[in-house]
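The sequence and structure come first, then the account.

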Amino acid sequence: MTIASAALLLFIILDPLGNIPVFLSLLRGLPPKRQRIVLARELLIALGVLMLFLWGGKYALELMHLRQESVSIAGGIVLFLIGIRMIFPPPEGLMGEIPDGEPFIVPMAIPLVAGPSGMAAVMLMGSNDPARLGDWSLALMIAWGATAAILFSATILYKLLGRRALIAIERLMGMLLVAISVQMILDGLGAYLPGPP
């Protein structure tokens, strides 16, 4: 996997376009200056969590005696479920009910930006090829930077594209995520199951 393809995968998983309506509704009650501060804080927390999973994921797997194949299959299942929810969102939204008040860590940083699928993906990258942790960190920074740029311009994008276009883009990303998740499951099963004699 190249840095560009890893960054694209992580960008799709972070789903900034799908998060625009949720982020706007969460920050609506705050003054514009405070909105930017809260958004920057939540994005930095999400980046920290994802970097922690990227760099410490291998050791966490060893500590829990988990094989890489099981993480690949589990990550694929989580990605598949999130992709399905992006294509067919429930009435309460992608991540369920959103608590009132100024968001802190939950739900903006975790699970909207650094969700289980993102954590599983970076953990898998780091544990599959630990020699390339620098490359994976760069891919994560690129995906996170693009996500931050989109979320900081959320109000403009929402006015420019409109709700329908954002929903269409999110569903398209959901389709890509489902395809990626199926590939992750197949790769995990292929590595676990013995090949033909």
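## Terms and confidence

Helices here are DSSP runs of H or I of at least four residues, numbered from the N terminus. By that count, I73 is found in helix α4.

The model is predicted. Its average pLDDT is 84, and 93% of the residues score at least 70. Where pLDDT is low, predicted coordinates should not be read in detail.

## Annotated transmembrane regions

The unreviewed UniProt entry carries the annotation "transmembrane region" for residues 6-27, 39-58, 70-88, 104-126, 138-160 and 172-193.

Two of these spans can be set beside the model. Residues 70-88 are 95% helix and 0% strand, with the end C-alpha atoms 27 Å apart. Residues 104-126 are 74% helix and 0% strand, and here too the end C-alpha atoms lie 27 Å apart.

## Helix α1 against α7

How do α1 and α7 pack, and at what angle? Their axes are 8 Å apart and the angle is about 45°, so α1 and α7 are oblique to each other. The crossing is right-handed.

On the α1 side, the contact is made by I3, A6, A7, L10, F11 and L14. The α7 side supplies D135, W136, L138, A139, L140, I142, A143, W144, A146, T147 and I150. By class, this contact of α1 with α7 has 15 nonpolar residues, 1 polar and 1 charged.

## Helix α1 against α8

Helix α1 (residues 3-14) also packs against helix α8 (residues 154-192): the two axes come within 10 Å and cross at roughly 120°. That angle makes α1 oblique to α8. The crossing of α1 past α8 is left-handed.

Which residues of α1 and α8 meet? From α1 they are L9, F11, I12 and I13, and from α8 they are M173, L176, L177 and I180. The residues of this contact of α1 with α8 comprise 8 nonpolar, no polar and no charged. F11 is named in the contact with α8 and also in the contact with α7.

## Helix α4 against α6

Helix α4 (residues 68-87) packs with helix α6 (residues 116-128) at an angle of about 150°, their axes being 9 Å apart. The pair is therefore roughly antiparallel. In passing α6, α4 makes a left-handed crossing.

The α4 residues in this contact are Q68, V71, S72, G75, V78, L79 and I82. They meet P116, S117, A120, M123, L124, S127 and N128 of α6. In the contact of α4 with α6, 8 residues are nonpolar, 6 are polar and none is charged.

I73 and S181 are 108 residues apart along the chain, and their C-alpha atoms are separated by 8.5 Å.

How values were computed. Residues numbered from 1 in each chain as written. Predicted model: local features only at pLDDT ≥ 70, side-chain atom pairs only at ≥ 80, totals over all residues. Heavy atoms only, no water. UniProt positions renumbered as here; feature names shortened; annotations may be inferred. Helix = DSSP H or I, 4+ residues; strand = E, 2+ residues; numbered from the N terminus. Axes fitted to C-alpha atoms, helices over the stretch in contact; angles between N-to-C directions. Parallel < 35°, antiparallel > 145°, perpendicular 65-115°, else oblique. Left-handed = near helix turned anticlockwise from the far one by under 90°. Contact = heavy atoms within 4.5 Å. Nonpolar A, V, L, I, M, F, W, Y, C, P; charged D, E, K, R; others polar. pLDDT = per-residue confidence, 0-100.
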